[in-house]
Each structure stands twice: as structure tokens, then as C-alpha cells.
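Student: I am new to this kind of model. Please walk me through how to read it.

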Amino acid sequence: QVQLVESGGGLVQAGGSLRLSCAASRITFSIYAVGWYRQAPGKQRELVAGISSSGVTNYASSVKGRFTITRDTAENTLYLQMDNLRAEDTAVYYCNANRYALGGKYDYWGQGTQVTVSS
């Protein structure tokens with residue numbers, strides 16, 4: 001059973017930093033596109049940052065320059081360094097890994113970790 005387990009969320013003041021981690025088991029990160037999504041109350045889940053299987057990164061415009069996504073393929077772990085946090089970054093953050101193979105899509109999600117930024 002594939003598992004993605006997030007950690008590192010919490011309560012922080014505006015302008016502060018947090019580092020989220022996503023530990024994966026039973027999949028090989030290097031062949032998946034991986035990323036962080038977030039969902040605020042009353043809003044749709046949105047992509048925050050992603051890394052393709054070839055290592056290309058992309059960011060939502062709202063976090064570009066403040067957040068950094070990295071992956072450790074040896075440890076099968078994904079990270080999201082979040083700096084200069086704002087109140088609008090408050091959300092549940094989810095880790096995702098996906099790939100297309102054998103005519104289907106493999107799509108895995110973590111359980112989420114809460115990030116709350118106080119203004």
C-alpha cells in the first residue's frame with residue numbers, strides 16, 4: 001500500500017517560516033511527478049508547487065519567490081520550504097504523487113497537514 005505522510009505544519013506568525021515534509025513509502029519518487037497542493041476553507045484545492053519526474057519545478061504565482069519545493073529521491077521525501085508566510089497561506093497542505101503508466105493514472109495523496117498563519 002502506497003503511503004504519503006506529511007509533517008511540519010503548525011501555527012506561525014505572518015513573516016515566519018515553516019518546512020513541510022512528505023515521506024513516501026512503496027513508490028519510487030523519481031519516476032513520479034510530485035507536488036504540494038493546498039485547500040483553504042470554502043475554496044478549491046490548488047497546486048502550490050510541483051516537480052516533474054525530470055526535475056522541472058513550477059510554482060503558483062502567489063508563492064513564487066517565497067516557497068521552494070525540493071525532493072530527496074534517495075530518501076523518497078518531498079519538502080516545501082515556506083518563507084515570508086502570509087495569512088492567505090493558511091490552508092491544509094497535501095502531498096501528491098502521480099504518473100501515467102499502463103494506460104492508467106496512478107494518483108496518490110497524503111492525509112494533509114494544517115498550516116495556520118496569524119496576521
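Student: In what order do the four strands of the open sheet come?

Tutor: First, the ground rules. This is a predicted model, where local features need pLDDT of at least 70, side-chain atom pairs count only at pLDDT 80 or more, and totals for chains, interfaces and linings use all residues. Residues are numbered from 1 along each chain as its sequence is written, and side-chain values use heavy atoms, without hydrogens and water.

Tutor: Now the idea. Strands of a sheet pair through backbone hydrogen bonds, either parallel or antiparallel. Here the order is β1-β3-β8-β7, with antiparallel pairing. Strands are DSSP runs (E, at least two residues), numbered from the N terminus. Two of them pair if DSSP finds at least two bridges between them.

Student: Which strands lie at the edges?

Tutor: β1 (3-7) and β7 (67-72), each pairing on one side only.

Student: How many bridges join β1 to β3?

Tutor: Five, and β3 covers residues 18-25. Glu6 has Cys22 in β3 as its bridge partner.

Student: Which residue does a disulfide join to Cys22?

Tutor: A disulfide is a covalent bond between the sulfur atoms of two cysteines. The cut-off used is a pair of sulfur atoms within 2.5 Å. Cys22 is joined to Cys95, S to S 2.1 Å. Cys22 sits in β3 and Cys95 in β9 (residues 91-101), so the bond ties together parts 73 residues apart in sequence. The S-S torsion is about -80°, so this disulfide is left-handed.

Student: Is Cys22 buried or exposed?

Tutor: Buried, at 0% relative accessibility. Cys95 is also buried, at 0%. Buried means under 20% relative accessible area, exposed over 50%, partly exposed in between (1.4 Å probe, protein chains only).
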